[in-house]
Amino acid sequence: MRIAVFCASAEGTGPVYIEAARKLGRNIGEAGYELVYGGTNVGLMGIVANATMDYGGRVTGIIPECISRRGVAAQGLDCLIEAVDMKERKALLREQADAFVALPGGWGTLEEIIEVITLKQLGEHSKPIVFLNIAGFYDGLWRFIGDIRKQGFISSAYDCLYEVIGEVDKVIPYLQQYKEISVVQKYGKSKE
């Protein structure tokens, strides 16, 4: 299984995020899976990649030229792909992944995970999507989603598009047991 992990190029404000990234990488590696990620050597990105490799997992990094030029491209990966731009990077991440996991992160992480949810809603893929809600990191996002649901902009029918998991050790078992379910697709019929 190739698991795309979206996460920060920063370490955040507490050791809980660093430990979660390290543990997720370890779990990916120990399971014999491959990490597909943003290709840098900094922040949670570097931590999850190094841990995956330390525990025997393969790692593919996909980094856009504009970030690679800044000298933060990871070294020693099984594969490092330099994309022309962020748009191509995201497309390659989506194509190569069998599953998506969001660790804590900022604008880029939110954009990437929201895009894969939107594409699943439109029936473009049926891959599992996980928010790793470490120490309640995504609680504010869920309050926002609840607010816009009350305003009629998001249907609760789409809650099945993703899973919110609060513990790192529950991610791999969820992905291993994931079964595609019927989703009410926006602008179309349910996918069986």
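**Exercise 1. Aromatic pairs**

Task: How many aromatic pairs does this predicted model hold, and how are the rings of Y17 and F137 arranged?

Solution. 
1. Apply the pairing rule: ring centres must lie within 6.5 Å. By this rule the predicted model has 8 aromatic pairs.
2. Take Y17 and F137. Their ring centres are 5.7 Å apart, and their planes meet at 80 degrees.
3. Planes over 60 degrees apart count as edge-to-face. The Y17–F137 pair is therefore edge-to-face.
4. Y17 sits in helix α1, residues 15-30. F137 sits in the loop between β6 (129-132) and α6 (139-150).

**Exercise 2. The aromatic cluster**

Task: Which residues form one aromatic cluster with Y17 and F137, and where does Y162 lie?

Solution. 
1. Y17, F131, F137, Y138, W142 and Y162 form one cluster.
2. Locate Y162. It is in the loop between α6 and β7 (163-165).
3. Y162 has a relative accessible area of 15%, so Y162 is buried.
4. Compare sequence and space for Y162 and F131. They are 31 residues apart in sequence, and their C-alpha atoms are 7.4 Å apart.

**Exercise 3. The faces of α4**

Task: Which residues of helix α4 are buried, which are exposed on the other side, and what caps the N-terminal end of α4?

Solution. 
1. List the buried residues of α4 (residues 86-96): R89, K90, L92, L93 and Q96.
2. Look down the axis. These buried residues fall within an arc of 165 degrees, so they line one face of α4.
3. Turn to the other side of α4. K87 and E95 are exposed there.
4. Go to the N-terminal end. D85 caps α4, with a side-chain oxygen 3.2 Å from the backbone nitrogen of K87.

**Exercise 4. Packing of α4 and α5**

Task: What are the angle and axis distance between α4 and α5, and what is the handedness of their crossing?

Solution. 
1. Two packed helices are described by the angle between their axes and the distance between the axes.
2. Read both values. α4 and α5 (residues 107-121) pack at an angle of about 55 degrees, with their axes 11 Å apart.
3. Classify the angle. α4 and α5 are therefore oblique to each other.
4. The crossing of α4 and α5 is right-handed.

**Exercise 5. A positive phi**

Task: What is the phi of A135, and is A135 buried or exposed?

Solution. 
1. Phi of A135 is near 50 degrees, a positive value in a residue other than glycine.
2. A135 is in the loop between β6 and α6.
3. Its relative accessible area is 62%, so A135 is exposed.

**Exercise 6. Sequence and space**

Task: How many Å separate the C-alpha atoms of V48 and G71, of S68 and E82, and of G29 and V59?

Solution. 
1. V48 lies in helix α2 (residues 43-54). V48 is buried, at 0% relative accessible area. V48 and G71 are 23 residues apart in sequence and 19 Å apart in space.
2. S68 is in helix α3 (residues 65-68). S68 counts as buried, at 19%. S68 and E82 are 14 residues apart in sequence and 7.5 Å apart in space.
3. G29 is in helix α1. G29 is buried, at 5% relative accessible area. G29 and V59 are 30 residues apart along the chain, with 9.1 Å between their C-alpha atoms.

How values were computed:
Residues are numbered from 1 along each chain as its sequence is written. This is a predicted model: local features need pLDDT of at least 70, side-chain atom pairs count only at pLDDT 80 or more; totals for chains, interfaces and linings use all residues. Side-chain values use heavy atoms; hydrogens and water are left out. Rings of Phe, Tyr and Trp (its six-membered ring) pair if their centres lie within 6.5 Å; planes under 30 degrees apart count as stacked, over 60 as edge-to-face and the rest as tilted. Helices (H or I, at least four residues) and strands (E, at least two) are DSSP runs, numbered from the N terminus. Buried means under 20% relative accessible area, exposed over 50%, partly exposed in between (1.4 Å probe, protein chains only). The arc is that of the directions from the helix axis to the C-beta atoms. A polar contact is a pair of N or O atoms within 3.5 Å; within protein, one must be able to donate a hydrogen and the other to accept it, and residues adjacent in sequence count only if both atoms are side-chain atoms. Axes are lines fitted to C-alpha atoms, for helices over the stretch in contact, and angles run from 0 to 180 degrees between N-to-C directions. Angles under 35 degrees count as roughly parallel, over 145 as roughly antiparallel, 65 to 115 as roughly perpendicular and the rest as oblique. A crossing is left-handed if the near helix is turned anticlockwise from the far one by less than a right angle, and right-handed if clockwise.
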